[in-house]
Amino acid sequence: MGVNQRAAVRMSEQEIARFLDRSRVLTLATLDREGKPHLTAMWFGHIDGVIYFETKAKSQKAVNLRRDPTITCMAEAGDTYDQLRGVAIEGTASLLEDTTADEYWKAAIDIYERYVGPYSPETHPFVEAMMNKRIVVRVEPNRVRSWDHRKLGLPAMPLSGTTAEPAED
């Protein structure tokens, strides 16, 4: 019988939290009106194990989530097989549209701090501007999958192949 590599590369809850705390881009999928995936790359917040992102209230992803709150999101890293790691979350989206709610602003501030810098009363106008005509989406997980190929103990693999060259703009 073979070794269950799936179990060997699974991250612990603490490893998942650390990975998401350090990740910068989340790829998320919502379902369009025909049930086809609509993929987008998003900046996101991560508060107490909960994923949040903000989006324009009339964005396609918001329209999709109002119709069907099914959501899948993934953060990943690594350029070679021995370094691949990631977290995929399947769940239900909750749209936070009340701009007076504490949770709305807590998520907005977390996202601001992750990508812009420390929050203070002086930066509040910038956060308000960032959130103009936007909603916050909270991802409530139903299933979390993770992988960290560094746990396999493979020898370092060189970055090679046709994609190893930097992309030209």
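A residue is called buried under 20% relative accessible area, exposed over 50% and partly exposed in between (1.4 Å probe, protein chains only). The model is predicted, so local features need pLDDT of at least 70, side-chain atom pairs count only at pLDDT 80 or more, and totals for chains, interfaces and linings use all residues. Residues are numbered from 1 along each chain as its sequence is written, and side-chain values use heavy atoms, without hydrogens and water.

Seven strands form an open sheet with antiparallel pairing, in the order β2-β1-β5-β6-β7-β4-β3. Strands are DSSP runs of E, at least two residues long, and helices are runs of H or I, at least four, numbered from the N terminus. Pairing requires at least two DSSP bridges. The edges are β2 (37–42) and β3 (45–47). Strands β6 (residues 85–96) and β7 (residues 134–148) share twelve bridges. Leu 95 has Val 137 in β7 as its bridge partner.

Helix α4 (residues 102–115) packs on the sheet and touches β3, β4, β6 and β7. Contact means heavy atoms within 4.5 Å.

Two aromatic pairs were found in the whole structure. Rings of Phe, Tyr and Trp (its six-membered ring) pair with centres within 6.5 Å; planes under 30 degrees apart are stacked, over 60 edge-to-face, and the rest tilted. Trp 43 and Tyr 115 are stacked, because their ring centres are 4.2 Å apart and their planes lie at 5 degrees. Trp 43 lies in the loop between β2 and β3 and Tyr 115 in helix α4, so the pair ties together parts 72 residues apart in sequence. Tyr 115 is buried, at 11% relative accessible area, whereas Trp 43 is partly exposed, at 47%.

Technical notes
Axes are lines fitted to C-alpha atoms, for helices over the stretch in contact, and angles run from 0 to 180 degrees between N-to-C directions.
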